Amino acid sequence: MGNHDDSAGFNSTYDYATYGSGRSWFGGSYQSGKLDHTYWFVDAGDRDYLVFSLGWMPTVSVLSWAEGILQQHPDKHVIVTVHAYMNSNGALLSKADFGIAGLFPQIPDGQQIWDTFKKYENVVLMMSGHVHSEDIVSYVDQNAANKDVASLLLDRQNDDTEQKLGTLAIFTFHEDSDTVEVNWYSTKYDAFYREKNQLTITVPHTHKCEYETETFEATCTEGAGTIYTCTLCGKSHVEYESEAL
């Protein structure tokens with residue numbers, strides 16, 4: 001939810017039952033019945049992600065709530081999206097940038113948001129909008145584990161309103177690599193937008209699975225195969241090598 005969205009209208013359009021609790025990947029929300037600040041679970045390949053969607057100017061209470069969720073899921077790779085976080089020059093937004101220095105002194109700025117999340121090794125990517133930039137802006141800082149974490153500003157609102165390109169960002173993750181391709185794409189022209197907006201970032205992950213194996217013989221109901229169990233996170237999967245007898 002952004003600063004042009006009224007909370008009541010937003011939650012009327014995207015109602016909690018349909019777009020929140022009714023989705024299998026929905027984790028929860030800061031305020032039950034509202035989707036202003038939420039988190040979601042995404043499983044992709046061997047990696048489990050927790051994605052925060054924080055709206056306009058999350059309060060100290062919202063950030064504390066998010067920390068509580070983080071502490072419950074140290075095994076998840078965490079992506080944080082927040083409406084306003086960084087500026088078009090790559091610097092984190094200050095209270096002066098928000099225009100809230102005198103009006104809302106209690107509202108955290110971009111640095112305070114980063115200070116909240118950088119304490120956790122499993123936070124791997126930060127993203128925001130709000131500030132118009134015709135190009136993707138990328139900034140890298142180190143979290144508490146001294147891992148590089150990319151922060152991205154993706155907001156073509158002014159140009160898109162005029163040119164109606166239907167711009168969206170496509171992120172391509174790889175199971176065996178921390179490299180992620182970022183491509184800005186026009187849905188109107190079915191084409192990428194500007195070569196310099198087709199870039200690669202590093203998204204650190206807490207570990208690459210190291211497996212112990214256990215084989216089993218075929219039975220009347222199940223084929224022979226191998227169970228692979230990660231010694232670091234405990235996650236396991238089965239690969240079958242023959243059909244059932």
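Q: Which residue in strand 9 is the bridge partner of Phe171?
A: That's Val182. You're looking at a predicted model, where local features need pLDDT of at least 70 and side-chain atom pairs count only at pLDDT 80 or more, while totals for chains, interfaces and linings use all residues. Residues are numbered from 1 along each chain as its sequence is written, and side-chain values use heavy atoms, with hydrogens and water left out.

Q: How do you know that strand 8 and strand 9 pair?
A: Two strands pair if DSSP finds at least two bridges between them. Strand 8 (residues 167–174) and strand 9 (residues 177–186) have 7 bridges, in the antiparallel sense, so they pass. They also form a hairpin, with 2 residues between them. As for the names, strands (E, at least two residues) and helices (H or I, at least four) are DSSP runs, numbered from the N terminus.

Q: How confident is the prediction in the protein?
A: pLDDT is the predictor's confidence in each residue, from 0 to 100. The protein averages 89, and 96% of the residues score at least 70. Helix 4 (residues 95–98) has the lowest confidence, at a mean of 75, and strand 1 the highest, at 96.

Q: Which residues of helix 3 and helix 5 meet?
A: Contact means heavy atoms within 4.5 Å. Leu63, Ala66, Glu67 and Leu70 in helix 3 meet Gln112, Ile113, Thr116 and Phe117 in helix 5. The residues of this contact divide into 5 nonpolar, 2 polar and 1 charged.

Q: Which strands stand at the edges of the open sheet of 7 strands?
A: The order is 1-2-3-4-5-7-6, with mixed pairing. Strand 1 (26–29) and strand 6 (137–142) each have a single partner strand, so one side of each is left without a neighbour in the sheet. On average, neighbouring strands here are turned by 20° against each other, direction ignored.

Q: How do you know that strand 6 and strand 7 pair?
A: Count the bridges: strand 6 and strand 7 (residues 148–153) share 6, in the antiparallel sense. Gln142 stands opposite Asp148 in strand 7.

Q: Which strands does helix 5 touch as it packs on the sheet?
A: Start with helix 3, which lies across strands including strand 2 (37–44) and strand 3 (47–54), running at about 170° to strand 3. Helix 5 touches strand 3, strand 4, strand 5, strand 6 and strand 7, and makes about 160° with strand 5.

Q: What makes strand 12 and strand 14 edge strands?
A: Their open sheet of 3 strands has the order 12-13-14, with antiparallel pairing. Strand 12 (211–216) and strand 14 (236–240) each pair on one side only. Strand 12 and strand 13 (residues 225–230) pair over 6 bridges, with Thr213 opposite Tyr228 in strand 13.

How values were computed: Nonpolar A, V, L, I, M, F, W, Y, C, P; charged D, E, K, R; others polar. Axes fitted to C-alpha atoms, helices over the stretch in contact; angles between N-to-C directions.
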